[in-house]
Amino acid sequence: MTDNGIFRYSRLKRGVVAMLGFGFGVLATTAAVQAEDFETLKPGVLQVAIEPYMPYTALKDDKLVGLDSDILDAVAKKLDLKIETTVTDFPGMLAAVQSQRVDITIGGIAWSDARQKAGLFTDPPYYSPPAMAVHGSASYPDVKSLEGKALGTVTGYVWAKSIAEVPKANARTFPTADSVFEDLSSGRLDVGFLDPLLIIYQQKQRPDMKFQVAYLNAPTAEQVAAHPDYKYFQPYMTGFYLPKQAPKLTQAISDQIDTMYKDGSLAALVTKWGGDPKQFLVPSPDMAAQRRGVDRPQTWVPPSIAE
């Protein structure tokens, strides 16, 4: 929404900067970006909803911390937007965006066709390999090995559909990741499906908990054909999630994310929070096809650090 007075001032400012001459081209570009109407609920403010989900998102001393938080902070500074944060749970994050009560939500959110129908996704700030938290020393190399086991994830996560399709599995969802870790440590769960950096972070914070970090071999095309929701056992695209009413803001954030792939700043942030940039910043071959003709043009190419 545009305040007419702000818009008139912004147009004047852009005009003045443009008249200052050739030496201030970069300044003119910056001013134009800052003055753009980004459809935020409050002019100049980016209202974000998060759940406490380290090392992706958290609020510490009134400051956003974590990988997604660092990425969003860098983007907001480029767009001259101040961040205001609301803390909720994962379903509440999605609902706040879909009802346009906040401008954006972040924190390892997987792109899905259902979610994109109710909101807008940016380009992926990173990709997520299929990680598991496994009780004890057991090995579960593939989907077949999960049959008949006690499997868990957080309510609203895409893996909820996947584990529900595993034959004879005891599939459960939990309100928080902490609940998943507690049941893993006690042996009430065999495998928990959570975001990889979270599992690595929790293992470092709580070495007393009896679980290990493991990666699932992606299901075959035949297995996905027989169980369509097995697709969430494959590497997936994350995204920042915005209301349908904010296409210009979504595009502006995507543009900044794409730049961060190219200038190395995303690789530095992924490394800072315990991830391997080659795992997190290189898309799988099938990812482009998932979004082309859905919420991206047919020519869309997922951002990547690979040449």
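**View 1. Pro55 sits in the loop between strand S1 (45–50) and strand S2 (58–60) of this predicted model.** Helices (H or I, at least four residues) and strands (E, at least two) are DSSP runs, numbered from the N terminus. The peptide bond from Met54 to Pro55 is cis, and its omega is near 10 degrees. Most peptide bonds are trans. The model is predicted, so local features need pLDDT of at least 70 and side-chain atom pairs count only at pLDDT 80 or more, while totals for chains, interfaces and linings use all residues. Residues are numbered from 1 along each chain as its sequence is written, and side-chain values use heavy atoms, with hydrogens and water left out.

**View 2. Asp61 and Asp80 have positive phi values.** Most residues other than glycine have a negative phi. Asp61 has phi near 55 degrees and is found in the loop between S2 and strand S3 (63–65). With a relative accessible area of 72%, Asp61 is exposed. Asp80 has phi of about 60 degrees and lies in the loop between helix H3 (67–78) and strand S4 (82–87). Asp80 is partly exposed, at 43% relative accessibility. Buried means under 20% relative accessible area, exposed means over 50%, and partly exposed is in between (1.4 Å probe, protein chains only).

**View 3. An open sheet is formed by 5 strands.** The strand order is S10-S9-S11-S8-S12, and the pairing is mixed. Two strands pair if DSSP finds at least two bridges between them. Strand S10 (170–174) and strand S12 (211–215) are the edge strands, each pairing on one side only. Strand S9 (residues 150–154) pairs with S10 in the parallel sense over 5 bridges. Leu151 stands opposite Ala171 in S10.

**View 4. Helices H7 and H8 lie across strands of the sheet.** Helix H7 (residues 177–186) lies across strand S8 (131–135), S9, S10, strand S11 (191–193) and S12, at about 40 degrees to S8. Helix H8 (residues 196–205) lies across S8 and S12, at about 155 degrees to S12. Axes are lines fitted to C-alpha atoms, for helices over the stretch in contact (heavy atoms within 4.5 Å), and angles run from 0 to 180 degrees between N-to-C directions.

**View 5. Helix H11 (residues 265–272) has Leu266, Leu269 and Val270 as its buried residues.** Seen down the axis of H11, these residues fall within an arc of 100 degrees (taken from the directions from the helix axis to the C-beta atoms), so they line one face of the helix. They pack against H3, helix H10 (247–263) and helix H12 (277–280). Just after H11, Gly274 takes a positive phi of about 95 degrees.
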